[in-house]
Amino acid sequence: MPADNRVYLFDTTLRDGAQTQGVDFSVADKTAIAIELDRIGIDYIEGGWPGANPTDDRFFAAPPTFNQARFVAFGMTRRAGRSAANDPGLNAILSTKARTVCMVGKTWDFHVDVALELGRTEYVDMIADSIAVAKTRVDEVMFDAEHFFDGYKANRDYAMTCVREAHRAGARWLVLCDTNGGTLPHEIERIVGEVCREIPGSAVGIHCHNDTENAVANSLAAVHAGARQVQGTINGLGERCGNANMIALVPNLMLKMGYDTGIPAENLTKLTHLSRLLDDRLNLPPNRSAAYVGSRAFAHKGGLHVSAVEKDPRTYEHIDPAAVGNERIIVVSDQAGRSNVVARFRQIGLDIDPKSPEVMRLLEIVKEREANGYAYDGADASFELLARRELHTVPDYFELQSFRVLAERRWNAKGELITLSEATVKLDVARHRVMEVGEGNGPVNALDSALRKALLPHYAELVDMRLIDFKVRILDSAGGTAAITRVMIESADSHGLRWTTIGVSPNIIDASYNALYDAITYKLFRDGAAPAV
């Protein structure tokens with residue numbers, strides 16, 4: 001590929017992404033995420049702002065070892081009234097183990113006048129001084145031109161003077177920032193193109209926020225106009241509406257636009273894992289509709305669509321899902337046809353004649369159960385168990401005889417109002433009656449605890465199983481508290497397997513047990529467990 005086809009990737013999840021409301025990275029979180037970014041092949045990993053908070057200080061004191069990425073410290077230019085060599089804030093970012101720094105400075109005259117209350121010429125000198133001193137202390141310096149696009153539209157000469165002087169002072173990259181996120185793609189492409197006629201695109205980067213839902217489009221427009229560094233965050237984390245989503249940027253650049261990002265094609269398959277790793281670290285449910293990596297990104301529900309996809313996936317898929325580590329999902333629901341059922345059978349490893357009566361019988365069962373409140377398009381594991389039970393291929397690992405759940409709300413000895421839940425289960429396992437009691441912070445947690453106590457001595461496969469999401473929906477609002485309840489539970493294990501199960505009942509605890517039963521059974525079946533004897 002020609003040299004100008006190389007686009008460098010700069011991930012700022014650990015710094016700009018940390019500004020997301022509700023996100024609070026620990027040092028362990030930062031380390032795990034940084035290691036994964038390095039494994040994939042990201043060029044630059046921004047670790048945070050040394051001196052800004054204790055977490056960043058500890059992270060920069062003992063960063064992970066990177067095999068290929070450059071570790072970046074973020075900070076700002078020197079303050080007014082201090083020399084660059086004697087500014088404590090600037091010195092903090094130049095004294096870490098990071099050999100690359102990214103320095104932010106304002107390029108909108110409005111901010112210089114109003115927010116900083118400084119002379120415009122004085123501020124340009126502050127930018128140049130800071131970069132010149134940083135060049136003597138670290139290997140590579142970048143200048144984040146904050147509010148560049150608003151500044152360019154308001155006063156082109158001043159915005160360009162800021163980046164021009166930063167470039168003259170030795171900045172390797174001049175990163176043009178759409179800080180307020182209000183610029184549109186056609187404006188980005190025009191302005192970046194004009195900048196690249198004065199400053200080589202090989203020194204120009206782009207940093208976009210998503211306030212108009214255009215951060216990815218704006219970043220791609222900038223690259224098309226000549227910029228050769230792109231900044232973004234995993235899953236689009238960031239302040240307000242977030243930053244450009246690196247998980248979408250990378251495949252768009254590589255698969256759609258043909259750019260060389262330095263990431264090998266085989267590493268592109270790790271994108272789905274990276275996206276879900278971040279959600280796991282933050283204890284967030286994945287965005288099922290996320291482009292490329294969402295569980296719905298290659299899910300097909302309509303019978304006509306499934307029939308076409310079975311003949312050639314290109315009929316309804318823009319890429320092979322395996323290219324980004326995702327998978328095709330054939331959804332079975334009350335809208336499904338024979339093609340859905342047959343395709344889903346094939347996906348779960350069941351080879352069955354499409355004309356077999358089991359196919360139509362299962363389709364009728366699904367439609368009848370969905371009329372009663374089930375929703376198998378979002379409960380893949382429960383559907384697989386239903387299908388296999390119809391074919392008599394799922395063993396009975398245990399049998400419930402009864403359960404009882406109690407909830408107590410009282411004042412404890414410290415005068416605190418607390419609520420406790422206790423569950424008792426009686427199961428037949430290995431031809432023996434087992435009774436166990438579990439406590440939890442809610443009735444479902446208590447029930448899960450009691451089931452595990454009863455089953456773990458017989459099924460070690462359940463040790464690494466955990467519940468990661470629990471959803472309740474009332475299906476008949478007219479029925480009030482007596483209405484039919486649907487419970488969906490998402491589970492995961494240490495191997496990265498995720499599965500969703502469903503339970504429906506007029507009683508929320510009974511519905512929860514049904515979903516728990518399927519979740520446990522699915523885990524045991526997938527792990528090849530034999531019924532206890």
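Author: A residue is called buried under 20% relative accessible area, exposed over 50%, and partly exposed in between, using a 1.4 Å probe and protein chains only. The model is predicted: local features need pLDDT of at least 70 and side-chain atom pairs count only at pLDDT 80 or more, while totals for chains, interfaces and linings use all residues. Residues are numbered from 1 along each chain as its sequence is written, and side-chain values use heavy atoms, leaving out hydrogens and water.

Reader: What is the relative accessible area of Arg410?

Author: Arg410 forms a salt bridge with Glu408, their closest N and O atoms being 3.2 Å apart; such a bridge is a side-chain nitrogen of Lys or Arg within 4 Å of a carboxyl oxygen of Asp or Glu. Glu408 is partly exposed, at 40%. Arg410 is also partly exposed, its relative accessible area being 33%.

Reader: Does Asp518 count as buried or exposed?

Author: Asp518 is joined by a salt bridge to Arg389, with 3.3 Å between the closest N and O atoms. The two belong to distant parts of the chain, 129 residues apart: Arg389 in helix H16 (residues 380-390) and Asp518 in helix H18 (residues 508-526), where helices (H or I, at least four residues) and strands (E, at least two) are DSSP runs numbered from the N terminus. Arg389 is partly exposed at 32%. Because the relative accessibility of Asp518 is 8%, this residue counts as buried.

Reader: What is the relative accessible area of Lys523?

Author: Lys523 and Asp464 meet through their side chains in a salt bridge of 3.1 Å, N to O. This links distant parts of the chain, since Lys523 lies in H18 and Asp464 in the loop between helix H17 (443-455) and strand E14 (466-474), 59 residues apart. Lys523 is buried, with a relative accessible area of 0%.

Reader: How many residues does the second, separate core have?

Author: A nonpolar core is a set of buried Ala, Val, Leu, Ile, Met, Phe, Trp, Tyr and Cys residues joined through side-chain atoms within 4.5 Å. The largest has 90 residues, and Val101, Phe143, Phe148, Leu176 and Val192 have the most contacts inside it. The second, separate core includes Ala446, Ala454, Tyr517 and Ala532, and its size is 36 residues.

Reader: By what average angle are neighbouring strands of the barrel sheet turned against each other?

Author: Eight strands close into a barrel in the order E1-E2-E3-E4-E5-E6-E7-E8, with parallel pairing; two strands pair if DSSP finds at least two bridges between them. Axes are lines fitted to C-alpha atoms, for helices over the stretch in contact, and angles run from 0 to 180 degrees between N-to-C directions. With direction ignored, neighbouring strands of this sheet are turned on average by 25°.

Reader: What angle does the direction of helix H5 make with that of E4?

Author: Strands E2 (residues 44-48) and E3 (residues 70-76) run parallel and are joined by four bridges. Helix H2 (residues 54-61) packs on the sheet, touching E2 and E3 (contact means heavy atoms within 4.5 Å), and its direction makes about 135° with that of E2. Helix H5 (residues 120-135) also packs on the sheet, touching strand E4 (100-106) and strand E5 (140-146); the angle with E4 is about 175°.

Reader: Which residue follows H1?

Author: The buried residues of H1, including Ile33 and Leu37, pack against strand E1 (8-11), E2, H2, helix H11 (265-268) and helix H12 (271-282). With a positive phi near 120°, the residue that follows H1 is Gly41.
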